[in-house]
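The sequence and structure are shown first.

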Amino acid sequence: MPFTSNKGLPYPSPNAFLDVQDTYNLAAAVDLQAKSYLTQIAAAMQPTSYILRTTANGPTGSGSGDYLAGTTTAEWDPTAGRQGALGWSQPPSEGLSYYLVGADLFFTVTAGTPAVGNNLLGKLNVTSTDPLAGTTSVTSYYRSSFETNNGGESIQVLAIVKIYRGAIQPVVNFTNSGGSATYAVATGSRAWGMRLGTVPS
Amino acid sequence: MTGLTPWERIRYPQAGEVISATAEQATATDMDVVLESAVPLYQQAVGRTVGIFSAGSPSITKATLTTVSFTSGTAPFWVVGSPTRITPTIPGIYLIQASVGLNYTSTSNMFRIMIARNGGTAAPDVQIQTTPQWDTNATIIVANMVSMWKFATGDFYELKVFWNGTPAGPQTLDTPRVSLIPLMYT
């Protein structure tokens, strides 16, 4: 039985009598090829992605330090259940992957009076595991701003990261230039991300 | 004709049947349907339309949250009759990027840009970038932001801006640009 040159689809030899088996063989081969392509295309069109939004202010503190986001709800998380109280974790079945990640962080003043010029940092803590050594490390990505006393501050942080068994945590950090205000991640802040692809080995 | 392939349900004649033109036509028709089903996916993969929207140099009153009217934009997301609105057409996940400058000639300013959903002015319908400015020699503050949204049919997005500081104003915007990038369709 000959086969087509590109996809190996079977067809009856020119000197053979046509048989129902020939039609079956062709249909089965097309079926397998089509399933393979459609599955891959659908997966490529729906990469792992998430949009989480905080529904309560995060933990607060005094002085400088890291204050994580509060309780989150998933506006979009088709991988189901990968959001936690303080961020998002990568599906464990994924290999080493590139992600575009971002956060839209609102600051809330939880105590004291904010002083103009207070140093504010928006931050993404990105945890990843070395696939070979098994060691875990945290890399942080920042954007800075200042208190302006105009009804609440906000900072966006963006990064393209490489993660394996990773986790993404949105964080705020602050330093008072005067006064004694304390800040936290405000309700309504978002963390989001999308898998860009597999890291070539 | 009762045989069906396991995945895409292509009909085929079974052993013992007399092969016929009708049976061959059914098999070919099913193969055709399977191939055709890949076309929308293919079109989404290669044919996504990115929208770009711009405005001139509108004057913005001090300490007043202002919705920007775009003067040009990519169809079908923007129409002249609704100049403030960016409206995706296919439910999905979208990135919306904004880059906007504010012209000013004094110090102690701040400039805030906001992508707002459905006319909202507060969370959860906004994503915001606030940019303070302390340099007395600068003549412009530029704010830049990227936001990610889950768009549902009927939603629309707008660019809102806010500034405050020592000059009385109003101050003009400099090169407001917004882009809409579909990431995936849901």
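Which residue in β12 of chain A does A:R53 stand opposite? The model is predicted, and in it A:R53 stands opposite A:R190.

## Strand β12 of chain A

Strand β12 of chain A covers residues 190–198 and runs antiparallel to strand β1 of chain A, residues 49–54. Five bridges join these two strands.

β12(A) is also joined to strand β6 of chain A, residues 97–111, by eight bridges. This pairing is antiparallel too. Within β12(A), A:G193 is the residue that stands opposite A:V101.

## Interface of chains A and B

In the contact between the two chains, 49 residues of chain B meet 47 residues of chain A. The size of an interface is often given as the accessible area lost when the parts come together. For chain B and chain A the buried area is about 4,000 Å², and carbon and sulfur atoms give 68% of that area.

## The chain B side

Several elements of chain B give two or more residues to the side that touches chain A, among them α1 (21–46), β7 (92–103), β10 (140–151) and β12 (171–185). The largest share comes from α1(B), with nine residues.

By residue class, the side of chain B that touches chain A divides into 29 nonpolar, twelve polar and eight charged residues.

How values were computed. Residues numbered from 1 in each chain as written. Chains lettered and ligands numbered in written order. Predicted model: local features only at pLDDT ≥ 70, side-chain atom pairs only at ≥ 80, totals over all residues. Heavy atoms only, no water. Pairing = 2+ DSSP bridges. Helix = DSSP H or I, 4+ residues; strand = E, 2+ residues; numbered from the N terminus. Contact = heavy atoms within 4.5 Å. Buried area = accessible area lost by both parts, 1.4 Å probe. Nonpolar A, V, L, I, M, F, W, Y, C, P; charged D, E, K, R; others polar.
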